[in-house]
Amino acid sequence: MNRPEKIDFILAGVGGQGTILASDILTEAGYRSGYDVKKSEVHGMSQRGGSVESQVRWGSAVRSPLVEKGRADFLVGFEMLEAARWPAYLAPGGLALVNRYRIFPPAVNTGHADYPAEEEIDRRIAARARLVWWIDATGLAAGLGHPAAAGVVLLGALANYLPVADEVWQTVVQDLVPPRHVDLNRRAFAAGRALACPDGR
Amino acid sequence: MPKVMSGNEAVAYGAYLAGVRVASGYPGTPSTEILENLVRYPGIATEWATNEKVGFDVAVGAAYAGARALVTMKHVGLNVAAESLFYSSYTGLTAGLVVVTADDPGMFSSQNEQDNRRYGQFAKVPVVEPSDSEEARRFTQEAFAISEQFDVPVLLRTTTRIAHSSSAVETVEGHPPRGRRDAPPSRRETPAWRSGDHAFPRDQQKYVMIPAYARMRHPVVEERLTRLAAYAETSGLNQVIPGDRELGIVTCGVAYQYAREVFPTASFLKLGLVYPLPAQLIRTFAAGVKRLIIVEELDPFLEEQIRLLGVEAEGKKFFSLTDEYTPDRLRNWAAQAGLAPVPEFPPVPGAALPGRPPMLCPGCGHRGVFYVLHKLKPVVMGDIGCYTLGAAPPLYAIHTCGCMGAGIGVAQGAERAGVKDKVVAVIGDSTFYHSGMAPLVNVLWNNSPVTTIILDNLVTAMTGHQVNPGSGATLQGEGLGMDLERMLRRMGFSLVDTVDPLDYETTLRVIKRHLETDAPTVVVARRPCALQTRFREAPYLIDPVACTSCGTCLKLGCVAVSKYGGTMSINQELCVGCGLCAAVCPQKAVKSSTGVAN
Ligand SMILES: Cc1ncc(C[n+]2csc(CCOP(=O)(O)OP(=O)(O)O)c2C)c(N)n1
């Protein structure tokens, strides 16, 4: 696989969905593959079911921990509505991987707002992305043992596009995931990796 | 081998490498993870304090006694500890004292975005500011050296974006960084240096700040600042990065990283020692460039001082005083100033999306109290913690919130002003031990008929479940807890009741009784934090036949309960089975999925 000079990622989800673990794995995988890396995330209030986002950057020398709008190569959405907030950060021609999974925000729960339709979300993201890859990651993870492994299913799918050797992913998962969850997460990663990319990658 | 670490992990590692012996602090985003990491290293007495001032004094005592000491807090914590910063500036120390102030531009988790570099100038102590994790490690070590060389506490200022971003950090052979998987060494094994041959320095003129001695210290402080400014001229913390002579940029902290991307060819003066400033270095740098721009988050702290030097510079004329900087914002301002091009991207279509604010978790005990307050409608003076979310819709049950510990005093003031409302103060357990005890004694002393409700979830939940004196353990997981009710009765409160806030009927009855009592009273609403304990029982269901869609359950503001497409339902994955919605349902239409009637 050719090795881009820089790769920027945005991971977006809901507090408690595991975006932090996924971004840790992604950061470490880039570092062990020879990139300089930076990762940025915000803790705090977001734990309580609010929107969470982390940004991961790989490059020869990364300066800003934040990605500029229009520069991200990948948008990984752990939840559909959260993915829909970030397309402006994608570079034209970037790729979005979106978990086909909804968590209703309070305004939708109380009937004060509508949850946007999948087509509407797709249209928003496709205004920037060359491809929106919808993945039933939560369903796949639930089938493997726990829906919380959805994030690692998404990483497995993402790995199809990244210049990182399989052994590197394996050891990073081993090193970062709590020991009793390593097996589940390995299988989740493999399941994502085995998915057929819509662009034939 | 270098290791990828967050800014906070890197500060902890740097402090360990510097040989810190005593560390204290109070949790506060974005500073909290420093002590949570430091506790994993051997040979250090690492402790949570009840509040920032107490933690600061613990660190001062250690530094007086000859042990390198660290104290950590968020920006507003330094307001609480300000007294200690000012006296320790006068006294100086025997061994190094580093004070971490973690500022929060953008207020991700704070009530304001004050710029604590100003505290350095105010208290006449140096301020060091890193711009990535490697600098966080290196500057922490340097800060200890500066502290000892100049006999001064040193402020290490970080911001959220430095504290919570990760990047590679150099490591030292034989002193590996510790991580999540390393258990804290037992407190009994630390500190290793407690040998007993170490006497406290009895130097009254230095350490007793009565006016006669303080008058002798003040000139020392001023003269020290002059020497620090001279040191700044050659300090390795400041760095010139030569580039194009058309544009020169003076910057510090994470803003430096953004500026390098937005102005890739400019010349840079990057300040790591942001107070006091190197006047000569700045003049020379300014003379070598055509236009001088200052890029700094929040206040024009560098800009004001640089202009006072008589150097022409532009900064806040273009760049905002408010909110966190991002590379996007900086690029847009730079474009408006004609300093950088703005790239065009295809627009993203679509209407505004529904927001997703943080909410009280399913199963949270705080909800039970706020629902009762929502029904009884007293005026409620709040405080800071997860429970501040009781102010949010649909409960709207908190009417003031200023800073930690404010609620009880504000309640007393409103009561003394003679409002017609019943007056209640709500305060979390950690906040109570932090700064709630003095105002509660004040309520009692002045016999103000305020009802104080202590929301006791046995932990400091907001900042990520740190222990507090009521939790029954120290940072190392050892020790014993407080008997809160006994303490309240001993203080002199005659009416103290404890309730389980998810027991709706009892909580309603007890709070009602307290509101009707014309005396200072306290309710302890005790329920372990549902998020921390991962509380989970069989979920509840709505019987569609019995349900009249009256919406009472929606008033609880629980994410698991929804009215979607006109019918009420409970999300079976999100519901943890606390049963509060069943208790408040007027139709008794909410039932446990186990089939057991509530
Ligand atoms: C002076 C100061 N220090 C620290 C903080 C950060 N902080 C916000 S809330 C909180 C404590 C909350 O704990 P508790 O009172 O037990 O309430 P809970 O979150 O558990 O409901 C802390 C430490 C702050 N806002 N102000």
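Biologist: Leaving aside neighbours within four places in sequence, which residues is B:Ile306 in contact with?

Modeller: Contact means heavy atoms within 4.5 Å. By that rule B:Ile306 touches B:Val250, B:Leu277, B:Ile282, B:Leu292, B:Ile294, B:Val311 and B:Ala313. This is a predicted model: local features need pLDDT of at least 70, side-chain atom pairs count only at pLDDT 80 or more, and totals for chains, interfaces and linings use all residues. Residues are numbered from 1 along each chain as its sequence is written, and side-chain values use heavy atoms, with hydrogens and water left out.

Biologist: How many residues does the largest nonpolar core have?

Modeller: In soluble globular proteins, nonpolar side chains tend to be buried together. A nonpolar core is a set of buried Ala, Val, Leu, Ile, Met, Phe, Trp, Tyr and Cys residues joined through side-chain atoms within 4.5 Å; buried means under 20% relative accessible area (1.4 Å probe, protein chains only). Here the largest has 82 residues, and B:Ile306 and B:Leu38 are among those with the most contacts inside it. At least three residues come from each of domain 1 (2-232) and domain 2 (239-336) of chain B. A separate core of 67 residues includes B:Val379 and B:Leu508.

Biologist: Which polar atoms face the ligand's nitrogen and oxygen atoms?

Modeller: A polar contact is a pair of N or O atoms within 3.5 Å. A side-chain N or O atom of B:Glu52 is 2.5 Å from a ligand nitrogen. Ligand oxygen atoms lie 3.1 Å from a backbone N or O atom of B:Val459 and 2.9 Å from a polar backbone atom of B:Ala461.

Definitions and conventions. Chains lettered and ligands numbered in written order. Buried < 20%, exposed > 50% of the residue type's maximum accessible area, 1.4 Å probe, protein only. Domains from an automatic or database assignment. Polar contact = N/O pair within 3.5 Å; in protein donor to acceptor, adjacent residues only side chain to side chain.
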